[in-house]
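Morning, everyone. Let me put one model on the screen and walk you through it.

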Amino acid sequence: MKRIMRRRLNFNFLVIVSALIILNPAQAIYVSKRLEKPNSFYFIKELTKLITPSILKNDLHKFLQETRPNRVVGTRGYLNAQKYIEKELGKYVDNKKSSLIVQEFTVDSSLAMKSLNDEFENKIEKKFSKNHPTYKKWNVFRNHIKSFFAKSAPKKGINYIWEKKGSSSDDKGHFIIGVNYDSLVQDVNKKILKNKEGYGADDNGTGVVAALNFIKIFSKIDLNTTVKVLFFDFQELGNLGAHAYVGKYLSGSEDKRLLHGMVNILMIGHDSIDYDQTKQSQNMKIYTRGINSLGHEQDLSFARQLKV
């Protein structure tokens, strides 16, 4: 079982670790020579001073405005999100150290339904009778998703993969930062509403603009290890974009060995302690690997460094 740690982080530190929100596209980033090769936690913290809360807020609003009314797969807002992300990523490709791959994949509805059916069986069927309101609600949802895939969902999905090559000749591995860019709007019966306003600001507009801002920082500095920033499609309907990426790029044992780790950025725009009246907007959850898992101690060590 995963252990959850809560840490109070200052705003700028939250930004560079997992909550970066996009810089104003019209504003260039200047990085001094001493920060081009950050070699300590102190210098990473210095980089975050390039970002102000007002810029973060304004640019999140811009992303949401351009992807209205929602980013449910197949909708106008969803397609605009793809255009927005690809345009922004194109600004940070130099064909030498940084590159962009647009991964198109076939939507595997059977995989999504298997995942949904497994979850339904474990969490609903084993706990509720068929006449129970909870069973009925989630069974309607399951059937609706099946119909949605058959009638409304796109047949193709798109992942965006931005990569910055590391400078170390000794390190052939890479690190991944991942976000999803689709969203989901549902009524009280869990039916998907394609035309209803539901901005998906926290889930996962915050993640998208955070990843874009990581890229703006990474494009200006020297990295020892290669970093890939991934924008996943179809996360809300079975994590199909992530499955497609793993199937193509992480299917072999050597591919997996060279993956140092991953940070998934999701819903970072809210305080994780609901009733905290003294440290509002300063809490977040850090999920570590299991206590008996390889890498758990490293996760804890990193989490403790984030405490301020």
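I will take confidence, then the core, then rings, charges and backbone.

Ground rules. This is a predicted model, so local features need pLDDT of at least 70 and side-chain atom pairs count only at pLDDT 80 or more, while totals for chains, interfaces and linings use all residues. Residues are numbered from 1 along each chain as its sequence is written, and side-chain values use heavy atoms, with hydrogens and water left out.

Confidence. pLDDT is the predictor's own confidence in each residue, on a scale from 0 to 100. The protein chain averages 81. Of the residues, 79% score at least 70. Now look at residues 1-29, where pLDDT stays under 50. The model still has 119 contacts there beyond four places in sequence; contact means heavy atoms within 4.5 Å. Where pLDDT is low, the predicted coordinates should not be read in detail.

Next, the core. By nonpolar core I mean buried Ala, Val, Leu, Ile, Met, Phe, Trp, Tyr and Cys residues joined through side-chain atoms within 4.5 Å. Buried is under 20% relative accessible area, exposed is over 50%, and partly exposed is in between, with a 1.4 Å probe and protein chains only. The largest core has 50 residues. Phe 149, Tyr 181, Phe 218, Val 229, Phe 231 and Phe 234 have the most contacts inside it. Which helix gives the largest share of this core? Helix α7, residues 201-218, with nine residues. Helices here are DSSP runs of H or I, at least four residues; strands are runs of E, at least two; both are numbered from the N terminus.

Take Val 229. Setting aside neighbours within four places in sequence, Val 229 touches Tyr 160, Ile 161, Trp 162, Ile 177, Ala 211, Ile 215 and Phe 218. There is also a second, separate core of six residues. Its members include Ile 161, Ile 176, Phe 232 and Tyr 245.

On to the rings. Phe, Tyr and Trp rings (the six-membered one for Trp) pair if their centres lie within 6.5 Å; planes under 30 degrees apart are stacked, over 60 edge-to-face, and the rest tilted. The whole structure has eight aromatic pairs. One is Phe 214 with Phe 218: stacked, 5.6 Å centre to centre, 25° between the planes. They sit four residues apart in helix α7, so about one helical turn separates them. Phe 214 is buried, at 4%. Phe 218 is buried too, at 11%.

Now Phe 232 and Tyr 245. Their centres are 6.2 Å apart and their planes at 70°, so this pair is edge-to-face. It links distant parts of the chain: Phe 232 is in strand β5 (residues 226-232), Tyr 245 in helix α8 (residues 240-249). Both residues are buried. Tyr 78, Tyr 160 and Tyr 181 form one aromatic cluster.

Charges. A salt bridge is a side-chain nitrogen of Lys or Arg within 4 Å of a carboxyl oxygen of Asp or Glu. The count is eight. Arg 68 bridges to Glu 197, with the closest N and O atoms 2.6 Å apart. The two are 129 residues apart, Arg 68 in the loop between α3 and α4, Glu 197 in the loop between β4 and α7. Arg 68 is partly exposed, at 30%. So is Glu 197, at 43%.

Lys 97 meets Asp 222 at 3.3 Å, N to O. Those two are 125 residues apart.

Then Lys 165 and Glu 163, at 2.8 Å. Lys 165 is partly exposed, at 41%, whereas Glu 163 is buried, at 10%. Bridges that share partners join Glu 163, Lys 165 and Lys 228 into one network.

Last, the backbone. The bond from Arg 68 to Pro 69 is cis, omega near 0°. Another cis bond joins Asp 203 and Asn 204; Asn 204 is in helix α7.

Where does Phe 234 lie? In the loop between β5 and α8. Phe 234 is buried, at 0%. Asn 239 lies in that loop between β5 and α8 as well, also with a positive phi of about 55°. Asn 239 is partly exposed, at 37%.

That's it. Over to you.
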